[in-house]
Amino acid sequence: MTRLPLPPSLYADTAVAPVATPPLDVDKNVAVAIIGGGYTGLSTALHLAEQGVDALVLEAQEPGWGASGNNGGHTNPGLKHDPDQIEADFGADLGRRMIVFSYGTTNFTHELIRRYQIPCEARQNGTLRAAYNEASAAAIEKTAQQCIRRGMPVTYLNREQLREMTGTDRYIGAMLDARGGDLHPLSYARGLARAAISAGAKVHGETPALSLRREGSRWRIETPRAVVHADKVLLATNGFTDDLWPALRRTIVPVFSSIAATAPLSDAVARSIMPTRPVLYESGHITVYYRIDQNNRLLMGGRGPMRWIKSPHDVAYLMRYAERLWPQLRGVSWTHGWNSRLAITGDHYPHVHEPAENILISLGCNGRGVALATAMGAQLARRLIGGAKAEIDMPITGIKPIPMHAFWPVGVTTAVIAGRVRDRLGI
């Protein structure tokens with residue numbers, strides 16, 4: 001197969017050089033085969049290799065080609081649901097472990113970056129979850145109180161504090177979590193691949209898994225040029241999940257998330273927008289998220305067309321919205337526009353499955369994949385090594401296809417349009 005070019009992103013133009021990940025062209029026998037070379041697969045391979053386990057990653061394109069190398073670059077703590085809701089859904093023991101784990105993912109990720117000296121522009125200046133209407137502000141304050149009650153480094157900010165932090169009077173309330181931050185996604189993916197390889201894992205690009213079946217007591221994976229026999233297999237294909245495992249594709253909705261980036265702003269303009277450089281995502285029906293990177297570029301993200309894009313003009317609403325927030329941006333050059341596919345689950349929780357002996361599946365980060373997928377790598381490695389006796393801090397559930405899954409493109413498009421209208425009306 002021919003390797004597809006990276007999406008036309010700012011990251012593709014500015015990332016560190018990739019490590020060599022040649023196609024697999026000879027048959028292999030390994031302890032663990034990992035299908036998918038994004039953050040989940042690469043982190044799992046790294047944590048397996050650190051413990052002396054023979055791990056091999058099969059990536060259809062190149063590490064970071066999908067959402068791992070093309071996301072907003074936010075390292076956000078937690079899950080979509082509030083801590084109290086998590087405990088209600090999963091019980092006091094597992095719920096508490098899920099909360100501790102998920103809100104610790106950003107510290108885990110930034111510590112891994114420091115440990116392996118991964119050059120990816122990582123910073124930990126906090127995450128703002130911001131509201132521009134009273135209902136959302138009340139919900140965010142409730143979330144903040146639940147986090148504060150559990151001893152987390154969280155603060156609830158009012159309108160004046162937010163105006164100072166963001167340079168706009170759009171927001172009436174926000175939760176600041178000091179553990180959040182940002183990084184260069186593609187440089188990070190390439191750094192994870194380099195770290196995994198240096199630890200002893202094998203990573204092969206341009207090597208899609210064409211079929212997966214049991215052969216005796218092991219698993220047989222066919223690729224275009226070679227066959228892999230593995231004792232255990234991890235599927236970590238997220239928004240690019242296909243029909244390799246029955247019904248798995250129908251358990252997630254692959255949603256495009258788009259980003260537009262400006263040319264470098266002047267120091268004065270950049271300071272007027274986000275002087276302390278937290279990242280921010282809005283609590284709305286259609287999430288908008290943004291940050292200022294280390295080169296003073298503003299990166300605005302949100303929902304866009306449910307197709308690949310190549311220009312910031314494909315998501316012109318993000319440019320217009322930026323000018324609404326900060327009128328001083330009028331006339332600024334927007335240089336890049338790109339997107340990739342995220343995996344959204346029906347219940348908005350990450351999904352871990354064990355549908356057969358020695359098969360593990362992890363997917364559905366629901367837009368929190370940078371830190372969550374990285375930290376999941378250590379959890380999945382523990383399960384792959386220890387088996388059913390090795391508990392992890394996320395639930396392991398059965399595969400449940402989403403009803404009416406075939407209609408998801410229409411449903412997503414309708415939801416995006418309706419959500420934008422409701423956000424404009426403040427309802």
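Trainee: Which residue lies over the face of Tyr-132?
Mentor: Arg-170 does, at 3.9 Å from the ring centre. A charge counts as over a ring if NZ of Lys or CZ of Arg is within 6 Å of the ring centre and within 35 degrees of the ring normal. Keep in mind that this is a predicted model: local features need pLDDT of at least 70, side-chain atom pairs count only at pLDDT 80 or more, and totals for chains, interfaces and linings use all residues. Residues are numbered from 1 along each chain as its sequence is written, and side-chain values use heavy atoms, leaving out hydrogens and water.

Trainee: Got it. How many aromatic pairs are there?
Mentor: The count is 9 aromatic pairs. Rings of Phe, Tyr and Trp (its six-membered ring) pair if their centres lie within 6.5 Å; planes under 30 degrees apart are stacked, over 60 edge-to-face, and the rest tilted. Tyr-11 and Trp-338 make an edge-to-face pair, 5.1 Å centre to centre with 75° between the planes.

Trainee: What does that pair tie together?
Mentor: Tyr-11 is in helix H1 (residues 10-14) and Trp-338 is in strand S16 (residues 334-345), so the pair ties together parts 327 residues apart in sequence. Helices (H or I, at least four residues) and strands (E, at least two) are DSSP runs, numbered from the N terminus.

Trainee: Are Tyr-11 and Trp-338 buried or exposed?
Mentor: Both are buried. Buried means under 20% relative accessible area, exposed over 50%, and partly exposed in between (1.4 Å probe, protein chains only).

Trainee: And what kind of aromatic pair do Tyr-39 and Tyr-188 form?
Mentor: A tilted one, 5.1 Å centre to centre with 45° between the planes. Tyr-39 sits in helix H2 (residues 39-50) and Tyr-188 in helix H8 (residues 185-199), so this pair ties together parts 149 residues apart in sequence. Tyr-39 and Tyr-188 are buried too. Elsewhere, ring pairs link Trp-65, Phe-240, Phe-256 and Trp-308 into a cluster.

Trainee: OK, the core next. Which residues touch the most other members of the largest nonpolar core?
Mentor: Tyr-39, Leu-48 and Tyr-188, out of 56 residues in that core. A nonpolar core is a set of buried Ala, Val, Leu, Ile, Met, Phe, Trp, Tyr and Cys residues joined through side-chain atoms within 4.5 Å. Several elements supply at least two residues each, including strand S1 (28-35), helix H4 (92-103) and helix H11 (369-386). H11 gives the most, with 8 residues.

Trainee: What about a second core?
Mentor: There's a separate one of 31 residues, which includes Tyr-132, Met-165, Ile-292 and Leu-329.

Trainee: Switching topic: how many residues of strand S18 are buried?
Mentor: 5 of its 5 residues, and S18 spans residues 359-363. Ile-359, Ile-361 and Leu-363 point one way, while Leu-360 and Ser-362 point the other way.

Trainee: Which strands join S18?
Mentor: Strand S11 (residues 227-235) runs parallel to S18, joined by 3 bridges, and Val-233 has Ile-359 as its bridge partner. Strand S17 (residues 351-353) pairs with S18 in the antiparallel sense over 3 bridges, with Val-352 opposite Ser-362. Two strands pair if DSSP finds at least two bridges between them.

Trainee: How many residues are between S17 and S18?
Mentor: The hairpin they form has 5 residues between them, and Asn-358 in the turn has a positive phi of about 65°.
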